[in-house]
Amino acid sequence: MQAGLILLCLAYVLSQFFRAFLAVLTGVLGTDLGVKPDDLAFASGMWFLAFAAMQLPVGWALDHIGPRRSAAVLLLLGGGGGALVFALASGPFHIAVAMFLIGIGCSPVLMASYFIFAQTYPPVRFATLAALMLGVGSVGNLVASYPTALAVDLVGWRATLVGLAAVSASVAAGIWLTVKDPPKSHTEVKGSVLDLLKMPVLWAIFPIMLVSYAPVAAIRGLWIGPYFSDVYGMETGQIGLITLIMGVAMILGTFVYGPLDRMLSTRKWVIWGGSMAVVLGLVALIVLSGAPVWVPVALMAGIGFFGASFPVVIAHGRAFVPAHLVGRGVTLLNFFGIGGVGLMQFASGRIHAEMAQGSDPAAPYIALFGFFAASLLLGCVIYLFSRDSLD
C-alpha cells in the first residue's frame, strides 16, 4: 500500500499541475493560437467543471469498485488523452476540450487517497494525513510555475504537453500495479448522496466548501499570469517566478493547517480565521492597487498561505459522514470545493471581459478581487452557524 500511496501522490502532483499551469502559458498561447485571458478562464473552468461533475460517480466507484481501478483508468484516458489533445490544439476550443478531459482524468486521485485514509486510519488522524497528501501533491503547483516556463522556452509548449501525456500514462499504470483496495465496509445499511444532503449538520459546511478554495485556485491557476502581464508588463519567466512564490506559500500553508485542528482543539475556528485572512488579503489587493510589484506578490503569497484550508474543511465535513458513505461523503464535499472554483472561473472570465473594455489595465482585476472577497465573506457568515466536529 505504501508504494500505491506514493503513486497516488504522484498522480495528485499531476492534478495540481494541470489546474495551475495555464497561468504560465498565457503569453505563448496568446501568441501562437490567439487565446485571450477570458478563453483561458473558460478552459480553466472546464477543468474544474469536469472534475466536480465526476465527484459523484467517483464516490460511487470508490465505494463499489475501489480506488485502484477508479484512479488508474480515468487518469490514463482523461489525463494522458487530454494532454495529447492539448498538444495538438489549434484554437481556444481545443484547449477547452483538452482541459475538460484532463479534469476527468484528475478527478479520482485525491479522493482515492482520502478514501484509503478514511477506511484505514482513525478519524482523528484524517485531517493531518489529508493535509500531508495535499501538501506533498502541491509540488505540482511549483512545477507549474518557473520549471514549466523554462520547459516551454527550451522545447516549446506542444512538446511539453506530449511529455506530460507520457508521464500521466506511466503514473496510471503504476497505480494499477501497486494500489491495493482497502477492505469494504461490511454493513447492511444502505445509503446514497441524498442521505448526506438530508443531514442538517452539513448544510453550513457546504457553502464554505464552495467558496474557500475558489480565490486561491482561480488566482494561482490563472489570473496571477494575466494580472502581472497586463498591470506590470512581466513576461513568462518573471511570471513563473511569481507563481512559484505563491505555490510555495500554498504548500507551507497546507502543512501548517494539517495539525492545527488537534493543537487548537477546533476545526471550525481554524477554517474561519484562515478564510477571513484571505478576505483581508483580497481587499488589500484592491486598496493597494498600483503599489510596487513586491506588494501584490506578498499579498498573493499570503492569500495562498491562508487559503490552504481545503483539507481541514474536508475533514470537518467527513467527521459527520457515516462509515458506509465515506467514499460518497468525501467526494460530495470535494464536489462543492472544486465545483465552486469552476463556477467562479466562468464568472471571472465574464467579469474580466466586461471590465477590460476600459483604459485602466488594473480595473478588471480589482473587480475580480472584489468578487472573490464578497463570495468568501458570505461563505464565512454562513459558516458561523456550523457545528465544530471536534466539540
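Is Asp261 buried or exposed? Asp261 counts as buried, at 0% relative accessibility; buried means under 20% relative accessible area, exposed over 50% and partly exposed in between, with a 1.4 Å probe and protein chains only.

I note the basis here: the model is predicted, so local features need pLDDT of at least 70 and side-chain atom pairs count only at pLDDT 80 or more, while totals for chains, interfaces and linings use all residues. Residues are numbered from 1 along each chain as its sequence is written, and side-chain values use heavy atoms, with hydrogens and water left out.

Entry: salt bridges. I took a salt bridge as a side-chain nitrogen of Lys or Arg within 4 Å of a carboxyl oxygen of Asp or Glu, and the count came to two. Asp261 pairs with Arg267, with 2.8 Å between the closest N and O atoms. Arg267 is buried too, at a relative accessible area of 3%. The other bridge joins Asp63 and Arg328, whose closest N and O atoms are 2.9 Å apart. This pair links distant parts of the chain, 265 residues apart, with Asp63 in helix H4 (residues 55-64) and Arg328 in helix H19 (residues 326-355). Both Asp63 and Arg328 are buried. Helices here are DSSP runs (H or I, at least four residues), numbered from the N terminus.

Entry: cysteines. I found zero disulfides, a disulfide being a pair of cysteine sulfur atoms within 2.5 Å. Cys9 counts as buried at 11% relative accessibility, and Cys380 does at 1%.

Entry: helix H2. Gly34 follows H2, with a positive phi near 70°.

Entry: cavities. I counted three cavities of 30 Å³ or more; a cavity is a set of points on a 1 Å grid over the protein atoms alone where a 1.4 Å probe fits but cannot get out, and lining residues have an atom within 4 Å of a point. The largest cavity holds about 150 Å³ of space. Of its 18 lining residues, Gln16, Leu134, Tyr213, Met250 and Phe310 are the closest to its centre. H1 gives the largest share of that lining, three residues. The second largest cavity holds about 50 Å³, and H14 gives the most to its lining, with four residues.

Conventions
Helices (H or I, at least four residues) and strands (E, at least two) are DSSP runs, numbered from the N terminus. On a 1 Å grid over the protein atoms alone, a cavity is a set of points where a 1.4 Å probe fits but cannot get out, and a pocket is an open set with protein on both sides within 12 Å along at least five of seven lines; lining residues have an atom within 4 Å of a point. Grid points are joined across faces, edges and corners, and a volume is the space filled by probe spheres set on the points.
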